[in-house]
Amino acid sequence: MEAVPKAKERLVRSAALLFHSRSYGDVGVQELCEQADVRRGSFYYHFPSKEALVLAVLEHEERELTEEVFEPAFDNGGKPLGRFQRFLERLYDYQERRIHQESGSVGGCPIANLGQELGTQYEDVRSKAAEILDGFTQTFAGTIADA
């Protein structure tokens with residue numbers, strides 16, 4: 001039997017799904033709490049603000065993409081073209097799974113979406129999103145250099 005995720009993890013997972021299927025601006029704290037099945041006080045116990053939650057969501061999204069897409073595609077060696085082929089296959093599977101969990105449509109890159117939506121309002125969000133995306137770019141650049 002799988003353990004029930006703790007409140008903080010449920011908040012991050014719920015926010016990731018809601019922000020990606022709709023947007024940060026369309027989702028309120030009350031809705032996040034209801035979706036995560038936590039009390040509003042628990043939200044503020046774990047996160048001083050909705051912005052702080054976004055930073056946790058960005059880290060969550062990075063971890064998921066790294067574990068489910070990038071590591072299986074690029075950490076197994078092989079020819080560069082094969083690594084890119086594995087990347088596209090893994091990314092397709094990842095997007096298919098998210099389509100079924102979320103709104104039924106492909107919402108684009110969750111990291112880039114949040115960075116774009118909030119980057120002019122919150123420097124820490126912009127810089128975290130840029131840092132994550134730069135890391136992914138370095139993976140691509142390294143593979144191209146290997147070719």
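**A helix pair and its surroundings**

Helix α1 (residues 7-21) packs against helix α4 (residues 50-74) at an angle of about 85°, and their axes lie 9 Å apart. Here axes are lines fitted to C-alpha atoms, for helices over the stretch in contact, and angles run from 0 to 180 degrees between N-to-C directions. Since 65 to 115 degrees counts as roughly perpendicular, α1 and α4 are therefore roughly perpendicular to each other. On the α1 side, L11, V12, R13, A15, A16 and F19 meet K50, L53, V54, A56, V57, H60 and E61 of α4; contact means heavy atoms within 4.5 Å.

A word on the source: this is a predicted model, where local features need pLDDT of at least 70 and side-chain atom pairs count only at pLDDT 80 or more, while totals for chains, interfaces and linings use all residues. Residues are numbered from 1 along each chain as its sequence is written, and side-chain values use heavy atoms, leaving out hydrogens and water.

Now zoom out. The protein has 7 helices and 0 strands, with helices being DSSP runs of H or I of at least four residues and strands runs of E of at least two, numbered from the N terminus. Its C-alpha atoms fill a box of roughly 50 × 40 × 25 Å along the principal axes. Of the 147 residues, 37% are buried, meaning under 20% relative accessible area with a 1.4 Å probe, protein chains only. Among contacts between residues at least 6 apart in sequence, 62% join residues at least 24 apart.

Conventions
Buried < 20%, exposed > 50% of the residue type's maximum accessible area, 1.4 Å probe, protein only. Parallel < 35°, antiparallel > 145°, perpendicular 65-115°, else oblique.
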